[in-house]
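Colleague: Could you take a close look at one part of this protein with me, the nonpolar patch on its surface, and walk me through the terms as you go?

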Amino acid sequence: MRKAKLIGIDRKIAELIELRGLIHHLVEHCHGGEGPDCLIIDELAGQDKAWPSEARPKS
């Protein structure tokens, strides 16, 4: 049982590391501004339209 708990924790850590990388990439490419479009929010909401295919971060 303890080993399963540790495996679950390791999986969550891996997911957080991946999310951190994605957010870092989004922040680096954020143009800012006052407009309604936000790549960071669109990406986190799962809207694939957020990135042109050539700029989309690799998973």
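Modeller: Let's begin with a term: buried means under 20% relative accessible area, exposed over 50%, and partly exposed in between (1.4 Å probe, protein chains only). Buried residues make up 14% of the 59 residues in the protein. This is a predicted model, where local features need pLDDT of at least 70, side-chain atom pairs count only at pLDDT 80 or more, and totals for chains, interfaces and linings use all residues. Residues are numbered from 1 along each chain as its sequence is written, and side-chain values use heavy atoms, leaving out hydrogens and water.

The protein has two helices and zero strands; these are DSSP runs numbered from the N terminus (helices: H or I, at least four residues; strands: E, at least two). Helix 1 (residues 2-28) gives the largest share of the nonpolar patch, four residues. V27 lies in helix 1, and V27 counts as partly exposed because its relative accessibility is 47%.

Helix 1 also has buried residues: G8, L22 and L26. The buried residues of helix 1 pack against helix 2 (39-44), where contact means heavy atoms within 4.5 Å. As for length, helix 1 has 27 residues and reaches 39 Å from its first C-alpha to its last, close to the 39 Å expected at 1.5 Å a residue (1.5 Å times one less than its number of residues).
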